[in-house]
Amino acid sequence: MSALPNIYKDEIDFATLALQDADFAKILKSNGQLDFSNPESVHQLTKSLLKRDFGLAISLPPDRLCPPVPNRLNYILWIQSLLDNTSDSYRDTYDAEREVLGLDIGTGASCIYPLLGCAQRSKWRFAATDIDEKSIQFAKKNVQENGLQNRIKLLQTKPDEPLLPLDNMGIESIDFSMCNPPFYTSTSEMLSSAALKQRPPFTACTGSANEMVTPGGEVSFIMRMIYESLILRGRVQWYTSMLGKFSSIEPLVKKLREKGVDNYAITEFVQGSKTRRWGLAWSFEDLRPRMHIARSVGSLQKALLPFPGEYSITSIENQAELGERINQTLSQLPLKWMWKAKVFTGIGFSNKAIWSRAARRHVSKVPRDLEGADDDEEDMAYGFKVQVEANPGGIAGSQVIVRWLKGHDSVIFESFCGMLKRKVEGAME
């Protein structure tokens, strides 16, 4: 089991929701439409979805941001996938026993991210911050209302304090941070943006100034996070933020690269036909997510995307033949290597490109079995997974999918894929 599917992939059926929730039925128009210009209607939509789909009850003040549930769920699901793909088990699946601690920066009155995260995964806990006293008070009320005081801890911070106050909260390390920063650089920019929209946005509630506007906009805000991350480094496995503007991606990615961060991920959150947001994550660790998680923004120029960490090789051999060939090839190298023939999958680790001719002259020819050698895996410079799959569409033969699991040096990954490609294609000549 990996991250749960997005239950809001399709447009929300208001008529069905009205049948399931009497409070929502009261505010739905007779024609089955919702008045998005009415904050009370949007408030009730959020409350009804949280109640029906997650068993959560919340209170929302009229003068603070009302979070759209589908959009917020998108972000949580992406973080789940990031963590599932970069765990020490290398299984690429949800580990129900893994204890996870996240930090929600600017949690707001709803405290929706910690509530959603805890509702979905029983081993998740959160620290959450906000600079606004009223938002913190409502967040505390919502945490208590849902009996999550033992799993969600709140802290009111000051504007000049760190965005990632791990030391202030007495926390040594966390698995991820998340943030939905203010989009706008000024009130005038916010008003002009709203005027350009054909109808009020899904979040039609009145947000406070600190929720909507920040000097320099979201780019400046996330730059602060980047500079703080350069100090904290591995104390946070994944630093993440939602972006409200597509134009924000380029300067932030360039800053990460300038600072030597090679392990990052970019995604696009699409909700219905109107709302688009983006997600950016970066890590100083060397566990690398799958491509569909790290490179899922089709409209972004390829030069800004993370290095493609998956490679495929096509063969005329069937799965069993090709799997055996791969296993024999890698078993002869001084790798930590384990092959599971029943599922045509293997995982391996190496400290350098020991498959090169130069390296083979300087290393022992005795292979080391992956089993029983887990204690020094994390010290290895390169980790990979190899899967042999039948060709899609009923085409004869099979294909090798190589995935980069661990490491910072893309040259090693490319070298390994090149070696494997030569072995596979050499067998067909």
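Predicted model: local features only at pLDDT ≥ 70, side-chain atom pairs only at ≥ 80, totals over all residues.
Let me start with strand β2, residues 124-130, which is joined to β3 by 5 bridges, the two strands running parallel; strands here are DSSP runs of E of at least two residues and helices are runs of H or I of at least four residues, both numbered from the N terminus, and two strands pair if DSSP finds at least two bridges between them. Within this pairing, F126 stands opposite I152 of β3.

Residues are numbered from 1 along each chain as its sequence is written, and side-chain values use heavy atoms, with hydrogens and water left out.

Now to the sheet that holds β2 and β3. It is an open sheet of 8 strands with mixed pairing, in the order β3-β2-β1-β4-β5-β7-β6-β8. Its edge strands are β3 (152-156) and β8 (295-296), each of which pairs on one side only. Helix α9, residues 217-232, lies across β1, β4, β5 and β7, and runs at about 175° to β5, where axes are lines fitted to C-alpha atoms, for helices over the stretch in contact, and angles run from 0 to 180 degrees between N-to-C directions.

For the chain as a whole, the secondary structure comes to 14 helices and 14 strands. Of its 429 residues, 52% count as buried, meaning under 20% relative accessible area, with exposed being over 50% and partly exposed in between (1.4 Å probe, protein chains only). Contact means heavy atoms within 4.5 Å, and of the contacts with a separation of 6 or more, 74% are between residues 24 or more positions apart.

Let me turn to the aromatic residues. Rings of Phe, Tyr and Trp (its six-membered ring) pair if their centres lie within 6.5 Å, and planes under 30 degrees apart count as stacked, over 60 as edge-to-face and the rest as tilted. By this rule there are 22 aromatic pairs. In one of them, W78 and F269 have ring centres 5.9 Å apart and planes at 75°, so this pair is edge-to-face. The pair links distant parts of the chain, with W78 in helix α4 and F269 in strand β6, 191 residues apart. W78 counts as buried because its relative accessibility is 6%, and F269, with a relative accessible area of 5%, is buried as well.

A stacked pair is formed by W337 and F384, at 5.9 Å centre to centre with 20° between the planes. Here strand β10 supplies W337 and strand β13 supplies F384, 47 residues apart, and both residues are buried. They belong to one aromatic cluster formed by W337, W339, W355, Y382, F384 and F416.

Which ring does R121 lie over? R121 lies over the face of Y94, at 3.8 Å from the ring centre, and R288 lies over the face of W404, at 3.9 Å; the rule asks for NZ of Lys or CZ of Arg within 6 Å of the ring centre and within 35 degrees of the ring normal.

Finally, helix α5, residues 112-120, is mostly covered, since 8 of its 9 residues are buried, among them Y113, L115 and C118. L115 is also one of the contacts of N142, together with A57, I58, S59, A109 and S110, leaving aside neighbours within four places in sequence. N142 itself lies in helix α6, and is buried, with a relative accessible area of 0%.
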